Amino acid sequence: MLGIETSCDETAAAVVLRKGPHHGKILSNVVRAQLDAHAAFGGVVPEIAARAHVEVLDKVVAQAMREAEATWDDLDGIAATAGPGLLGGVLVGLMTAKAIASARRLPFVAVNHLEAHALTPGLTDGLAPPYLLLLVSGGHTQLLIVRDLGDYDRLGTTLDDALGEAFDKTAKLLGLPYPGGPEVEACAATGDVNRFDLPRPLAGRAAPDFSFAGLKTALRRQAEQLGPLSKQDIADLCASFQQAVGDVVVDRTGVAMALFEDRVPAGNGRNLVVAGGVAANSVLRARLAQLCEERGFALHVPPVALCTDNGAMVAWAGAERFARGLTDGFDFPARARWPLDPDAAPKIGAGVKA
Ligand code: KG4
Ligand code: ZN
């Protein structure tokens with residue numbers, strides 16, 4: 001299965017061989033990031049992203065096929081992210097996949113980007129559902145029960161910013177480069193986690209939702225009161241921010257664990273998977289490892305390259321769907337919004353992120 005991913009700022013293509021349920025092999029995985037193109041703006045600019053996908057996607061696909069030593073005849077299908085994401089970019093990958101599938105008379109599979117993240121532990125860890133998933137990236141922040149392919153309970157979501165976005169905005173505010181997550185983490189390492197008193201939004205609430213807008217505003221106020229920031233001020237602000245985020249994530253995930261225990265019979269195991277770019281944060285990982293130990297869950301964090309956006313997860317989700325006889329027509333539309341759990345109540349403010 002060839003998988004194509006263009007829903008945000010990574011142009012990616014990969015070839016994955018499915019050997020059985022929760023058992024696959026990555027034959028190639030090519031990711032071309034557009035960081036330089038967006039760095040000057042401190043975030044992803046949709047129009048620039050779409051143009052960049054057009055410019056490089058053909059080459060990225062060719063490289064993925066070459067590295068996999070695959071010909072078109074070796075493929076059993078073509079999968080592409082059809083949403084949720086930035087429509088201009090999604091269209092580029094989707095049309096390319098449909099065009100190849102049409103020309104080569106191959107089945108086409110439309111993949112939900114969130115489902116691709118959600119099913120990745122099958123590919124990386126051989127992990128079978130059900131498991132609890134914490135998806136934290138620049139575009140999404142959700143807690144989900146992954147019951148089966150196509151079957152998800154969304155337990156919680158952000159009501160405003162995604163967590164990666166909160167890291168990026170904090171970095172921008174403090175004059176650190178984009179993407180901000182790794183910068184904030186690095187600065188926080190030499191900072192005082194207790195110097196600034198920042199809020200823990202929604203901590204203690206019954207539903208495991210997230211909110212980061214208030215935290216960002218509180219941080220801005222503290223920074224403005226200090227005037228010109230010294231290196232130590234920045235480190236202390238980063239450390240205090242990361243501490244607040246850690247407290248919130250542990251609190252919210254703890255609530256989701258209780259819901260998982262209520263809804264999933266005990267014989268199915270207790271596994272927490274953390275995916276998305278923010279899963280690269282080692283402080284957050286350590287906090288979650290401690291939580292898992294306290295609560296009797298096993299922690300799974302896919303390798304960073306498969307946690308962040310990539311083509312292998314799309315190829316894998318496509319292969320899992322194809323194995324169940326699920327393919328799609330060429331009229332399948334690009335979707336800006338495509339929730340994994342259509343029954344979950346919409347949350348005002350979350351927009352496409354829910
Ligand atoms: O999954 P990803 O590559 O793309 C999206 O789908 O958004 O996630 C990128 C996000 C960015 O917001 C980036 O700042 C954040 O992940 N990130 C981190 C770290 N590394 C990347 N956030 C916190 N700590 C990190 N070490
Ligand atoms: Zn993603």
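Domain bounds here come from an automatic or database domain assignment. On that basis the protein is divided into domain 1, made of residues 2-120 together with 305-353, and domain 2, made of residues 128-304. The structure is a predicted model.

Five strands form an open sheet in the order β3-β2-β1-β4-β5, and their pairing is mixed. At the edges stand β3 (23-33) and β5 (108-112); each has a single partner strand, so one side of each is left without a neighbour in the sheet. From one strand to the next, the twist averages 25 degrees. Strand β1, residues 2-5, pairs with strand β2, residues 10-20, in the antiparallel sense, and four bridges join them. Within this part of the sheet, Gly-3 stands opposite Ala-14 in β2.

Helix α11, residues 311-323, lies across β1, β2, β3, β4 and β5, and runs at about 40 degrees to β2.

The C-alpha centres of domain 1 and domain 2 lie 25 Å apart. Their contact takes 33 residues from domain 1 and 36 residues from domain 2. About 2,800 Å² of area is buried between domain 1 and domain 2, and carbon and sulfur atoms give 60% of that area.

What polar links and charge pairs are found between domain 1 and domain 2? There are twelve residue pairs in polar contact, counting pairs in which both residues have pLDDT 80 or more. The count of salt bridges between domain 1 and domain 2 is one. Side chains of opposite charge can pair when their charged atoms come close. Arg-324 forms a salt bridge with Asp-148, and the closest N and O atoms of this pair are 3.0 Å apart. On the side of domain 1 that touches domain 2, the elements that give two or more residues are α1 (35-39), α4, α10 (304-307) and α11. Which of these elements gives the largest share of that side? The largest share comes from α4, with seven residues.

A search of the whole structure finds 15 salt bridges. One salt bridge joins the side chains of Arg-51 and Glu-47, at 3.0 Å from N to O. Both residues lie in helix α2, residues 46-67, where Arg-51 and Glu-47 are four residues apart, about one turn of the helix.

Some details of the backbone remain. Most residues other than glycine have a negative phi, and most peptide bonds are trans. His-22 is not a glycine, yet has a positive phi of about 55 degrees. His-22 is found in the loop between β2 and β3. A cis peptide bond joins Pro-129 and Pro-130, with omega about 5 degrees. Pro-130 has its place in the loop between α4 and β6 (131-136). Another cis peptide bond joins Tyr-178 and Pro-179, with omega about -5 degrees. The place of Pro-179 is in the loop between α5 (163-173) and α6 (180-188).

Key. Residues numbered from 1 in each chain as written. Chains lettered and ligands numbered in written order. Predicted model: local features only at pLDDT ≥ 70, side-chain atom pairs only at ≥ 80, totals over all residues. Heavy atoms only, no water. Pairing = 2+ DSSP bridges. Axes fitted to C-alpha atoms, helices over the stretch in contact; angles between N-to-C directions. Contact = heavy atoms within 4.5 Å. Buried area = accessible area lost by both parts, 1.4 Å probe. Salt bridge = Lys/Arg side-chain N within 4 Å of Asp/Glu carboxyl O. Polar contact = N/O pair within 3.5 Å; in protein donor to acceptor, adjacent residues only side chain to side chain.
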